[in-house]
Amino acid sequence: MVDFDFTDLVGDEAEFFAEYFNKKPMFRKSSLSGDPRELLSVKKLDELVHLEVIRPPYIKVNHNGTGVPEKGYTRSVVVQGVNVTDSVVPEKIYELFRAGATVTWSSLNQVVPEMREFSRVIAQKVACRTDTVAFMTPAGRKGYPPHHDPVELFIVQLEGTKAWKLWNPPAVRHGDNASYTLEELGEPAIEVTLEPGDVLYLPYNTPHAAAAEGQVSLHLSVMMRPRMWKDLIRLSVEEAFKDQEFNEYPHIGEHRGAAAGESFKDKLRALVARLDSLDADTELDRLADLGRHMEGSSHGTTFQTIAAADGFAQDVPLRRTGAAVEFGASENGRTQMRVNGHKIAVPEPVASTLAALGTGAWATAAEIFPGVSAERSTKTAQGLARLGVLELAGQPG
Ligand SMILES: [Fe+2]
């Protein structure tokens, strides 16, 4: 898969977060350590444009600053008896590109596994939703006029060159879209022609303008959606609302009486007290974790885990998966368990082994069921792996 990591974008991580993150734009020459075409290339986009399943809004075409209507490059086809009204016609896309249009592939992290992994690497660090968008522009075409976007951006030049002008973000930022004239912006803070492997960082609302030069330009925009304090605090409040005391139903119409007002103030005080009692680091870790696992960055190995279970040897080391297991009552030598929505009953010794398998601990398939043959224990271990309770101790989580 991709060999690039966060330092390929920012260099020294601590320096990036101290000096640039959310403050000012940054340019890094030859920032990527490997061949940027391993991430995405013009060749790969020739392949993608022929994959019928990639259609609007994953692919869009822009000409002279406005979007080309989808009808201009799609047609109706029948797939497995179902009408698909917007299948892309590659020849039409090529025709528009020859005429000077920019082709954009949005949310490529939902389509191309390498892009998914790249998004995930970045989401791990910035703890917010991350999407990758590819822009391909023919030689010598103007891009968009100066504007700012509501998202943080890493721009990675993959092929060709593109001239960029960046200005420092305005003093007051609203997280919105806006356009500018060159006159009102004045001298840019950064003016540079990006070459393959170069990287730009734009805090949200950084005004920017770009234009392709003498050759086809392909660049990747990694878009990160900043989570403001209001977004984060809303999540903490939502968590506090899970308490039953906020489920009471007051009458607040004209017959409410004085007690309603007092109850209202009581609930507000209760909410503040609840929020005030949170341990800041624990709660921030929880919020960061939510940000790392948003749509567009998830991944899993469940098929591999289930398939691997079929071939377990008796001495294979196994560990508990991340799935929550509830242990219930024991009766007639069997213990009730609830895992991944399934209710199962396992022999008591098996439940004891599972309960004792803490973080970092492992047991061989033959040891999962103490007191029976290694063969029978291995069969039990296979069953538990198929249910998502156990996995190979060596596999990445
Ligand atoms: Fe933009």
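Reply: A residue is termed buried when its relative accessible area is under 20%. The model under discussion is a predicted one.

Me: Why is histidine 208 called buried?
Reply: Histidine 208 has a relative accessible area of 5%; the cut-off is under 20%, and histidine 208 is therefore buried.

Me: What makes His147, Asp149 and His208 donors of the iron ion?
Reply: Their atoms NE2, OD and NE2, respectively, lie 2.2 to 2.3 Å from the iron ion, and the limit for a donor N, O or S atom is 2.8 Å. Along the chain the donors follow the spacing H-x1-D-x58-H. Histidine 147 belongs to strand S8 and histidine 208 to strand S14, 61 residues apart.

Me: Why is the pair of phenylalanine 16 and phenylalanine 154 called tilted?
Reply: The ring centres are 5.9 Å apart and the planes stand at 35°.

Me: What makes the pair of phenylalanine 16 and tyrosine 201 edge-to-face?
Reply: Between these two rings the planes form an angle of 80°, with 4.9 Å centre to centre; the criterion is over 60 degrees. The pair links helix H2 with strand S13, 185 residues apart.

Me: How do you know that tyrosine 201 is buried?
Reply: Its relative accessibility is 1%, and the cut-off is under 20%; tyrosine 201 therefore counts as buried.

Notes. Residues numbered from 1 in each chain as written. Predicted model: local features only at pLDDT ≥ 70, side-chain atom pairs only at ≥ 80, totals over all residues. Heavy atoms only, no water. Donors = N, O, S within 2.8 Å, 3.2 Å for Na, K, Ca; no water. Helix = DSSP H or I, 4+ residues; strand = E, 2+ residues; numbered from the N terminus. Buried < 20%, exposed > 50% of the residue type's maximum accessible area, 1.4 Å probe, protein only. Phe/Tyr/Trp six-rings, centres within 6.5 Å; stacked < 30°, edge-to-face > 60°.
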